[in-house]
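Grab a pencil and work through a few exercises on the structure below. Try each task yourself before you read the solution.

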Amino acid sequence: MQDGMIEPDVTGDPNQKHRIYLVDGSGYIFRAYFAMIRGGRPISRSDGTPTGAVLGFSNMLFKLIQDTHHDGRVSHLAVIFDTSRKTFRSDIYPDYKINRQAPPEDLVPQFPLVREATRAFNIPAIEKNGYEADDIIATYAAQARARGMECVIVSSDKDLMQLVGGDVMMLDPMRNQMIGEAEVIEKFGVPPEKVIDVQALAGDSIDNVPGVPGIGIKTAAQLINEYGDLDTLLARAAEIPQKGRREKLLEHADKALISRQLVTLKDDIELDIDILDLNVRMPDAADLMAFLQENEFKQLTGRVMEFYGGGFRADVAALDETAEAASVPEVTSVNYSTIFDLDALNAWIAEAERVGHVAIDTETTSLNAMQASLVGISLAIYPGNACYIPVGHVSAKAQGGFDFDGANDPQSADASLPQLPKAAVIAALKPLLEDPGVLKIGQNIKYDQLILGKEGINLGPVDDTMQLSYCQAAGLNGHGMDELSVLHLGITPVPFKEVAGTGKAQVTFDEVPIDKATHYAAEDADITLRLHQILKRQLVAKKAVTLYETIERPLIPVIADMERAGIKVDAKLLSALSLDFGLRMEALVKEIHALAGEEFNVGSPKQLGEILFDKMKLPGGKKGKTGAYTTDVGVLEGLAADGVELAERILDWRQLAKLKSTYTDALQSQINPETGRIHTSFSLAAASTGRLASTEPNVQNIPIRTEEGRKLREAFIAEPGHKLISADYSQIELRILAHIADIASLKEAFAEGLDIHAKTASQVFGIPIEGMDPMMRRRAKAINFGIIYGISAFGLARQLGISRTEAQDYIDRYFVQYPGIRDYMERTKKFCHEHGYVETLFGRRVHLPGINDKNGARRSFSERAAINAPIQGSAADIIKRAMIRIPGVLADAGLDARMLLQVHDELIFEAPETEVEQTARAVRAVMEKAALPRLSLSVPLTVEAGVGDNWNEAH
């Protein structure tokens, strides 16, 4: 018996043939799901993650393992999965499977769990890009025939029935029924070898196989039985006596031939794992019990313990005794190696494929992924063990004093250094890093996706430790690797400055000595792997599985694609704006000096404070820790509200200075020379509410309502022959507030499509909507939006230029009209005081550590944040759900539009001019239904879509 194999219970003929079971994993999970739906037995874990289909799959897989044990023959078993819709058949017929609907939302988080179940039972999970599961099954079935093995295909899929015959049969696990030649004839009216011809004629509406219009299975079978095969039938189509059949066959013969190519399973795929290596093996007790316990499969756990026997139970008992200690992997020493030859690299690759996961980290020359060059890659499979593969080191002077000619050439790696060629490493790693059966684990793995994407690698599937932490602890701690390592492992990783230096002496990573680079890079992969082991298991206890699996995890590649796409900017317009802003700033400085009565450095808070509070003796001056007066925006806005013109001009100057330095000047330097576009970087774990943030440039902070902000948006332009589309949720946070607080009048207004601010003004101030003073509508609008952010009477007074007494009166009237909002606010604050967090409508927990702080100001701030977080966070969740779905919808519709930016409640797209209307229509449809089916809002979501040559036009 091979090591780790389950010894069969040999009670039958020892000369029986080897048997292989090939499970159609992709097909079976759908059957298990719909069987559960029909049975009316929705099953989920205590954290709300649906698991009914996973349980059905796990029960079936375990039964197969039991059957292979008891039938007395040497058995093999593998689960075969689809990878994606795009296969070689799409090249033959672009509309193949184009009509396939997206899977039910509560099934989506179960897909990765099914793969986890397969790995937990130690069963090979086989997938291959560009091919369907059926093709892999056909290939293994052909190998089984060639080697004299029996083959049982565990599926009832009619497309696989063409393989039945001889020692190849099918097993319907739902009905526990074998499918042989007789059953195929009953289904298709022809023997298995002629099924392809029948399917070519009949087509398949589900997979969008065209077939011959008007000919179904029954008619197709009659024709094939009469004429023998498809080629003969088409050659003699003119002889068919029935006019309708004859004309259809003559007219659509090409469709029949294309359909035959589509339905014929490919049985000669080059597969990485030989059929004889698909052994049934004993599962690892730790992995299997962790999976079963995490998913709360109690009955299955008992059956598993009974079946595997004493040794397995002993392992489980030992695990239970050390469960608490095992929650943090015990690593007493580390082994970090450098990979200098392909044999060593291939050994790591083979082990990662066997285990089914690998932590990965890329080292580059820059934090800007779109401008960085790859220097090396680190891998970790087991805690404490990692390797570094250098591919782009160029500095010889750092290599222990070696002197190689050309070593400092920044354009390419030094061939004299002991490192593998980058092309060879990429070629070796590409199958592993794209293998859908191997989980790739990273910290901020979006960056690695962008880096490896430039090398032609489509990295996936992925888990991100940063996002795992973010989903569980938003607001509690940071989510960078160093902080997480200290927090969860008690390890302080080697800082970058220790290997690259600081200040003027700092070098880029390609100049770091390979030995130093190895420890630094390998440690990153090792720490990431260890964090994953902790954080992934904590998802259940923190009730964050659904949030992670349905929102944050699938969003990662979407954001990576957006960053890769970037957006075009008008450099000439930016230059003109920069000049204009500079001239206006100079004029403002002169005006400010005149108002102050002396010249001073307008950009110096210290000098400004002395002018305002020492010289001008204005009230409200407060000094900070440095002894200088505070002159932040709050102070200046307060002075401006009191009519201090100098404060107004300073605010104007600061606004222009910020726009000039942050945008009109910076954007010109941020244009990527290779793409001619800017590529903003979206931060996925910054705002505790779930909102995305962006840097280089920060597109979230471009002013919306000012003239300068509008001019700046004009610089964001479409490529020639394209248009920009802005799709913006209309008042989404007010709609969510109306839903959460259950405000009947607001919900009615939204349902009827009324002007919500005019409606509020009418109700609060008791004035008719018709002929309303625009000023009253503006005040109602300020209250509507201000309430969401916990605005005070002082803040509203400053914003509207009214007295604090009048502002308080407005707020009091508002709460009298909408008492449900006050109830919501008090209820939310109370919940947060008790639990330390609030939740969005989609279960995202926003932690507010300051909610019970002794400091009154911090406590009040946290209370306002608690009121706002469920509203803003729910809006963020909804737009993220839309962003995840939109690329697939556009691709299925054959549209070439690209999603470029996300700014609060707005998405920006670039679309060919000929596709603008169709794109806008598709985007709006997705965005307006993004909350469904998880949540049915009591108010409609509406999206306004605009089109233009630039962002301002579109917005």
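Here come the ground rules, and then the exercises with their solutions.

This is a predicted model, where local features need pLDDT of at least 70, side-chain atom pairs count only at pLDDT 80 or more, and totals for chains, interfaces and linings use all residues. Residues are numbered from 1 along each chain as its sequence is written, and side-chain values use heavy atoms, with hydrogens and water left out.

**Exercise 1. Find out whether cysteine 151 is buried or exposed, and count the disulfides.**

Step 1: Buried means under 20% relative accessible area, exposed means over 50%, and partly exposed is in between (1.4 Å probe, protein chains only).

Step 2: Apply them. Cysteine 151 has 0% relative accessibility, so it is buried. Cysteine 387 also gets 0%, so it counts as buried.

Step 3: Now the disulfides. A disulfide is a covalent bond between the sulfur atoms of two cysteines. The rule asks for a pair of cysteine sulfur atoms within 2.5 Å, and the count comes to zero.

**Exercise 2. Work out which residues touch the most other members of the largest nonpolar core.**

Step 1: Know what you're looking for. A nonpolar core is a set of buried Ala, Val, Leu, Ile, Met, Phe, Trp, Tyr and Cys residues joined through side-chain atoms within 4.5 Å.

Step 2: Pick out the residues. The largest core has 176 residues, and those touching the most other members are Ile389, Leu429, Tyr729, Ile821 and Ile878. Helix H22 (residues 545–565) supplies the largest share of this core, 11 residues. Helices (H or I, at least four residues) and strands (E, at least two) are DSSP runs, numbered from the N terminus.

Step 3: A second, separate core has 48 residues, among them Cys151, Met161, Tyr227 and Ile275.

**Exercise 3. Describe the surroundings of threonine 364.**

Step 1: Threonine 364 sits in strand E8 (residues 357–364). Its relative accessible area is 11%, so it is buried.

Step 2: Look for polar contacts (N or O atoms within 3.5 Å; within protein, one must be able to donate a hydrogen and the other to accept it, and residues adjacent in sequence count only if both atoms are side-chain atoms). The side chains of threonine 364 and tyrosine 447 make one of 2.5 Å. The threonine 364 side chain also reaches the backbone oxygen of serine 366 at 2.9 Å.

Step 3: List contacts, meaning heavy atoms within 4.5 Å. Skipping residues up to four places away in sequence, threonine 364 touches several residues, including Ala372, Leu374 and Phe509.

**Exercise 4. How do helices H28 and H34 lie relative to each other: roughly parallel or roughly perpendicular?**

Step 1: Take the axes, which are lines fitted to C-alpha atoms, for helices over the stretch in contact, with angles from 0 to 180 degrees between N-to-C directions. The axes of H28 (residues 732–741) and H34 (residues 819–835) come within 9 Å and cross at roughly 80°.

Step 2: Classify the angle. Under 35 degrees is roughly parallel, over 145 roughly antiparallel, 65 to 115 roughly perpendicular, and the rest oblique. H28 and H34 are therefore roughly perpendicular.

Step 3: Name the touching residues. Leu737, Ile740 and Ala741 of H28 meet Gly820, Ile821, Tyr824 and Arg827 of H34.

Step 4: Check one more residue of H28, histidine 739. With 18% relative accessibility, histidine 739 counts as buried.
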